[in-house]
Structure formats: structure tokens, C-alpha cells
Amino acid sequence: MLTTIEQLEEIYGKPHERSLWKEIDYLNEDYQAFVKASPFVVFASSGPEGMDCSPKGDAPGFVQILDERTLAIPDRPGNNRIDTLRNIIADPRIALLFIVPGVGETLRVNGRAEISAEPALLERFAVDGKLPRTVIIVKVEATYFHCSKAVVRSKLWDPARQIERASFPSPGAILKRLSSGGFDGDAYDRDLPERVKATLY
């Protein structure tokens, strides 16, 4: 097992020079373009009870750029576990990965987060009159764009690689197994499309 930085560097060598140019401590015009176009962000946090990596998605631009060093992210209705929010209270360090459909590159943003329930801020994110319960404010400390190799290798945007949804376990089937059979998975799956539509915001 490798246990030291020296051992890692012996295998990997030094970073490519251009990979060091990529990291800056603010969102420049190009990096802001990722944020504005992204409908999907992976949000990583950590706290006393462990790590969390949660998806957040909405219409492109749902993450608002308040300035080149500040982002605002609405917390839309979910399962009320609030794992990410609990972690932010304990440890504000976070990492975001912005993904843009059809684009191979991704944008990573590291920073510190805080949670706001200020009415005027919530209003900025209203959809059909519905407000998020809170807004996560991210103070940007480092931004970096990743090259497209991971997306190219995975063929992520290749329609031919998409699987048939029916070949994969349904949410109801997964929940039924997790509940040791005491859950009506068929009813859950039947009602799911309307329930999702009714509770998006």
C-alpha cells in the first residue's frame, strides 16, 4: 500500500504545468460560463457523521453568481435528511462539480458555505411562487476545470450508451427490498411520476 506523498509522486511525477494554470481563486468569465449553463451540480461536504455527496439540479443558471467569489444555491424540496446542511453547520468546507450536458469538461469549485433563510434571498429563487426553504451561500476559494478524458472514456453523452430504464431496479423495488418486503413498491412506482411533478418546488 502507498502511504506517503513521496511514494505517490514517484509513480505519478509532477503535475503538468497547464494543470496548475487552471486553478484560480475566483470565477473568471470562462468559469462563470460553466455555472450559468449547468443544470446539475454534485455537492460534496463532510461532518462529524461522515461524508456526503448530493446531486442538485434545476434549470440552467439555478446556481446564481452573486459576484466572482460568491455563489448562491437554492435548497429545493427533498427527503429532509438535510445531510449536506448538517455538515455545513459543523464544517463549512465544501466542493462543487458543475456538469453541462454535451460538454466534456467539468468545473470544480472549492470553498466555504453558509446557510441563509433571509426572505429577500429566498425570493430570488422563487419558482411559480414557491420558495426554497434555505439558500446555500458559497464563498469561493479555488476553481479549476477538469479536462474531458473522464467523460470521453465513460461515453457519458453518447445516447447509444443509455440503458433501458426498465432493465434497472425501480425506486419502488429498491425501497421494497430495503424494507424487508413490507413496502408496496408497485404503488410507489405507479404514483411516483405525479408525486415528483407535484413536489419539484
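A salt bridge is counted here when a side-chain nitrogen of Lys or Arg lies within 4 Å of a carboxyl oxygen of Asp or Glu. The model is a predicted one, and by this rule the count comes to 9 salt bridges. Side chains of opposite charge can pair when their charged atoms come close.

| Pair | N to O distance |
|---|---|
| Arg76 and Asp58 | 3.0 Å |
| Arg69 and Asp25 | 3.0 Å |
| Arg93 and Asp91 | 2.7 Å |

In the salt bridge between Arg76 and Asp58, the closest N and O atoms are 3.0 Å apart. Arg76 belongs to the loop between S4 and helix H4 (83-90), while Asp58 belongs to the loop between strand S2 (50-57) and S3, so this pair ties together parts that are 18 residues apart in sequence. Both Arg76 and Asp58 are buried.

The side chains of Arg69 and Asp25 also meet in a salt bridge. Because Arg69 lies in the loop between strand S3 (64-67) and strand S4 (70-75), and Asp25 in the loop between helix H2 (17-21) and helix H3 (29-37), the pair ties together parts that are 44 residues apart in sequence. Arg69 counts as partly exposed at 35% relative accessibility, and Asp25 likewise counts as partly exposed, at 39%.

In the salt bridge between Arg93 and Asp91, Arg93 is partly exposed with a relative accessible area of 47%, whereas Asp91 is buried with a relative accessible area of 14%. Elsewhere, salt bridges that share partners join Asp25, Glu68 and Arg69 into one network.

Conventions
Residues are numbered from 1 along each chain as its sequence is written. This is a predicted model: local features need pLDDT of at least 70, side-chain atom pairs count only at pLDDT 80 or more; totals for chains, interfaces and linings use all residues. Side-chain values use heavy atoms; hydrogens and water are left out. Helices (H or I, at least four residues) and strands (E, at least two) are DSSP runs, numbered from the N terminus. Buried means under 20% relative accessible area, exposed over 50%, partly exposed in between (1.4 Å probe, protein chains only).
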